[in-house]
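Please read it beside the coordinates.

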Amino acid sequence: MSPMRVFPDTGVLLAMIVFPYDRAGALTLAGEVLQLYEGGAFDLVIGQAVVDELDEVLDERFPRHRSRAVSLLMPFTDRLTRWPTPLEIAAALPFCSDPSDTPIFASAVIAQPDIVLSNDFRAFHTLQAKAFWKAYGITVESLYGLLCVFGRRERRGGNGGRPP
Amino acid sequence: MSMDVKRITIRVPPVLHQQLCQTAADQSLSLNMLTVRALEAYIEETSASQERLPLRELGALLSPAVEAAELTEEELLHHARQVRHRIWQERYEKTVQALAAQQEPR
């Protein structure tokens, strides 16, 4: 059976890359998810729209490291899903509390993941957003929620996947 | 010099057998050579798709810079959010809003 396909939002991808441990050296939720990924529990499917954002953040915050970071990702560029068209983005508009999220919503639909992974509860976990994901057969999970999916945490009712 | 090879026997449906024979003939290959090439291509493709993204390597590169800049996770994510707003405004907003307006029922 193929591993589950997970589409990460830029925020969780950054958290997995830069903050797998907290200041005290303890594993964070993002760090636990990274471990699961490295262990082959699921595949990450990444969209060009997410990489664009990552690239801009690197360019502005870490310009000295950008070219090395880009070269690390270069062998994987043919696995990135394409940019969404304006029409595909417009289709996501009624479901987004913030229109700037629509390219990422549309990008996720193109990637056809099982799960969209985002800790942005105000944008990705609203009732409208959940209706959008449901229409495409996609589930939205937070970092904590994804750990529940793999039996690493227990789901608590009514908190939208937030850690208790 | 003797080649180190292993023998395997596989059973295939007649139609696939016919297709393999035809493809081998078209490419002037033996049926054995065609099958070996097909299996090699499959293994290469499968192992490539199982390769993990180099997130640890990216972390090893960026984490010291984040620490040196004393950036918190909240600050970095806030910055990513600002980048998203800017990309929306610069690349998509006008076109997408115009399309959405066209699609609205009159």
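1. The model is predicted: local features need pLDDT of at least 70, side-chain atom pairs count only at pLDDT 80 or more, and totals for chains, interfaces and linings use all residues. Residues are numbered from 1 along each chain as its sequence is written, with chains lettered from A and ligands numbered from 1 in written order.

2. Chain A has nine helices and four strands (DSSP runs numbered from the N terminus: helices H or I, at least four residues; strands E, at least two). Its radius of gyration is 16 Å, close to the 15 Å of the globule rule for 164 residues, so chain A is as compact as a globular protein of that length (the radius is taken over C-alpha atoms; the rule is 2.2 Å times the number of residues to the power 0.38).

3. A:S97 lies in the loop between α5 (86-92) and α6 (102-111) of chain A. A:S97 is exposed, with 12 other C-beta atoms within 10 Å (exposed means 12 or fewer, buried 20 or more, partly exposed in between, with C-beta atoms placed from the backbone). A:R122 is 25 residues away in sequence, yet 7.5 Å away C-alpha to C-alpha.

4. Helix α3 (residues 55-68) of chain B has 14 residues. A kink of about 35 degrees lies at B:L62, shortly before the proline B:P64 (the bend is the angle between axes fitted to the seven residues ending there and the seven starting there). B:L62 is also among the buried residues of α3(B), with B:L55, B:L58 and B:V66.

Conventions. The expected span of a helix is 1.5 Å times one less than its number of residues.
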